[in-house]
Amino acid sequence: MARYPKSLNFLENLIFVWFGFALIITVAGSSIQIPEWLQVFGRSHPLVLHFPIVLLLLGVCFSFVPAIEQNPDLKKLAQFIWIIGINFAGISVLAGLILSQEDYAGETLNLHQWTGWAVFIIAAVLYFSKDYSKTFLKTGSLILAVTVVLAGHWGASLTHGETFLLAPIIPEEPTQTNLAEAEVFKDVIQPIFQSKCISCHKEGKVKGKLRLDNVKEMIKGGKSGPFVVGGNLEESLLTQRIHLPLEEKKHMPPKDKTQLSEEERTLLTEWVKAGAVLDLKLHEVDSSSSLFKLASLRFNPEPVYSFEFADLDQVSELNNYYRTVEPLSPESPALIASYFGIAAFDPASLTDLEEVKEQIIQLNLDKIPLTGIDLSFLKSWPNLETLRLNFTQLDESQILEISEIQTLKSLAISGNKLSEKSIEGLLEMQKLRQLFLWQSGLSDEQKEKLKKGLPRTKIEFGYDDRGIIYPLNQPKIEQEKVLFKDSLEIKLSHPIKTVEVRYTLDGSEPDSLESPIYQNPIWVNSSGKLQAKAYAKGWISSNSVSSIFMKSGISPRDRKLLSQPSPNYKAKGIETLFDQVKGKNNHTSGEWLGYTDEPSWIEMELDPSTKIKNIGLSLLYHESAYIFPPTRVEIEFFENGSWKKIINEQPRQSTKIKEIRSDLIQYKVENRSPEKIRIKLYPIASLPSWHPGPVPKDGFLWMKSCSINMKNKALFRFQTELNIRFKKAFLQAKKLEKAAEWVADCISKNGWIYTTGTGHSHILAEEIFYRAGGFARIRPIFHEALMLHQSASESTEFERKPDLAAKILNDYPIQKNDLFLLSSNSGRNSVILDFALEAQKLGAKVIAITNLTHSQQVTSRHSSGKKLFEVVDLYLDNCGDFGDACLEIEGLEMKVGATSTVMGTALLQAIMVQAVELLMKKNIIPELFSSSNTDQGEKQNQALIAKYKDQVKGL
């Protein structure tokens, strides 16, 4: 022990050496360049830190042992342990500060660093104050012990994660994500990062300046470049590193860490190849792709049902225009039955489903009025698991009946008021796993009662206007293609059926007041950009979602590139812009022209007699891959022997990193007929200051299509308008089939088809009467006052007269097996509604052809306040515009070109031909007229005329 004083003296002085070096690094921070040999010392921090922990905690224990003070040798040993521990604490602090200069940052690092400093300083103060008050030493020792534990805890959090210590005793929440709800990034890719990457790339420990614990930080990438570049495996740091040989220094995860499985490596690669989209639903991925096949294995599989398949013909017959019965999947015997259309709902039709009750696992009756309907039959359906009865006007007794269905797992009865008895009934449903009770008038006490009474049921009470306002999801856009020749159908949808979806077609942001409300599929016949947003009371409007559509333009006589694209992105040269092929959202697909060092400059020669309407350019934007909008667009026309600049604009620039996307910029150039056109687009010269990429760094411009559209003559534009309406009208196929079934049934039972219309709509009655290929058993109602040949203006007055229809129908013996076909574009006037109501009183079914768009925007002139489509048994929309006329002519305020007669005729003839086919399938040959301008036809017609002349007025 004699050597201790000299050794102690040296070790005491050494404490101040460590303190000095550590203080310099702490104050100077990252401004010091740490040499590589000293980095080796810094990386010894995890090894060295164990010595001070053990020695200092041992010293703390000695402070509470009185016998040590009475034994000189033990006292010197304790003193020596203290001084050694303090020196190792200093070494640990110094090594840790050097190590932190590499890839560590964040709040956890700060806590670990300063508690480490505190351990060093507190231990030193206690050592040099050893001859002071024993109480001070004991209190200080306890503080030191706590500080050592905290420093160790935050150090472990840096290397192993914040939940490492308590992870074994914290129960994990089991995830129940279904395949239909799964998102590729959140539910497949992010869990791989969590298990294999986060330990080195998170707050506190940021290797390579890359963080994967935060999506925004992940998008920024690391010091070596972007982490993911959608669709580009070569430029994505992720796919570069995971495919390096294990021995390579840059291979990820590092050699000494748990490696990715082959399946995980493939999933990450396929995700990047598919565009690295962050909000992509798994069910939206191509089911034949490797990404879908591997990812889908990670989710709850579709349940297996042991019952037999229903008869396919039987299921097919149950499908009609107001009901669908479909299998859960092509391989499953389970069926889902859904009703839609309030006006067409017949409560008796529910009994039709008894034929397949064993196979039905889900019944959807949302918004169908069910008041007073006996629902007890549902208790006999052995496999009914899901019942959707939202906003169905259920009463207390019905809810009590439903609560006795033992097989239910999911029940949705939102929008129905619940009484105390109803709540008691729901509390008996202990097998329920999901219960939806939005807008059910429940008090907080009632909600709490349900939560306690159904502890294993996930209950959704919805928004109650007293809490946080949540944003809506974006609407979904469905369109078959981007490039089209004639017209294109676009559909919008939203998972919440009660929201209002508004849209624009000119690329502007939709608003909640002026923008059109989506109701039916949108048909477009010119290039544009659709933007859509969802709105609902009590919710924040959704972000807008967009999609471009381009009409195929004229082909220039000649075209050429005046500047060459980047060598790696030449695609097919100038033909790339006119090949009528839509480029994928992937700049490495070989379908795009890419420019970076100079502008994209093209020249086209046109037929000078062509009048141009607009010029459209299809571009690709992907800020993560440095692909931005052009900074300037110049368009020049060569007219009358000289070039004239007609467009010189600066498109709006990106302000943040977004998903990879196509965009369309359009310029109107009405009534110009240039001989040649030059278009010049300037790429961004360097990345903006907000971009995480290296600066200075050139940006890219990616271009795919150039569309030059001419203004067609009015007759061709009218043809396009008719084509659009024909496509829309025949989307009502189920209704047309139902109408044909009713016609065929009427004819097979020797019933009569009555038909009439007012004003121009009477032409539709003439269309199917005494017509080549038309039924003989048709009785038209031609009341001259309602037609045009006596007085067109007076016919307008007559069609508004109440009680006129009843007087007219006194001359027609309408009966139960008969059918009445009515035509009215507006569907608002008294006579046409009275025809429908009187015929129904007499037992006939009534079908109407009307203009739904027009009818919904006008008030009724009938005493009931209703319009034709609201009272008939079945209506068909002629898909006309408000006011019937559809075409705009330059300089004219009103539209021209009415479509109701053309469309009504087509719909009626479609019904008739389908009805004939149905009759022939039943081996019933119907009586049909032929053309009287053929010899055989005239002979055939004379026989029918002789038979029916006394029974049909006007024959």
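## Helix 23

A residue is called buried when its relative accessible area is under 20%. The structure is a predicted model. In helix 23, the buried residues are Ser 830, Val 831, Ile 832, Leu 833, Asp 834, Phe 835, Ala 836 and Ala 839.

Helix 23 spans residues 830-841, 12 residues in all, and its first and last C-alpha atoms lie 16 Å apart, close to the expected 16 Å. After helix 23 comes Gly 843, with a positive phi near 100 degrees.

## Nonpolar core

The largest nonpolar core comprises 109 residues. Those that touch the most other members are Leu 387, Leu 411, Leu 437, Leu 450, Phe 775, Phe 820 and Phe 835. Phe 835 is also one of the buried residues of helix 23.

Leaving aside residues up to four places away in sequence, Leu 450 touches Ile 423, Leu 426, Leu 427, Leu 437, Leu 442, Ile 459 and Phe 461.

## Cavities

There are 2 cavities of 30 Å³ or more. The largest has a volume of about 60 Å³, and its lining includes His 760, Asn 825, Ile 849 and Asn 878. Helix 26 (residues 900-921) supplies the largest share of that lining, 3 residues. The lining of the largest cavity has 9 polar and 2 nonpolar residues, with no charged ones.

The second largest cavity holds about 50 Å³. Among the residues lining this cavity are Met 550, Lys 582, Trp 592 and Lys 704. Strand 17 (545-551) and strand 26 (701-710) each give two or more residues to this lining. By class, the lining of the second largest cavity has 6 nonpolar, 4 polar and 2 charged residues.

Methods. Residues numbered from 1 in each chain as written. Predicted model: local features only at pLDDT ≥ 70, side-chain atom pairs only at ≥ 80, totals over all residues. Heavy atoms only, no water. Core = buried A, V, L, I, M, F, W, Y, C linked by side-chain atoms within 4.5 Å. Buried < 20%, exposed > 50% of the residue type's maximum accessible area, 1.4 Å probe, protein only. Contact = heavy atoms within 4.5 Å. Helix = DSSP H or I, 4+ residues; strand = E, 2+ residues; numbered from the N terminus. Expected span 1.5 Å × (residues − 1). 1 Å grid on protein atoms, 1.4 Å probe; cavity = no way out; pocket = protein on both sides within 12 Å on 5 of 7 lines; lining within 4 Å. Points joined across faces, edges and corners; volume = space filled by probe spheres on them. Nonpolar A, V, L, I, M, F, W, Y, C, P; charged D, E, K, R; others polar.
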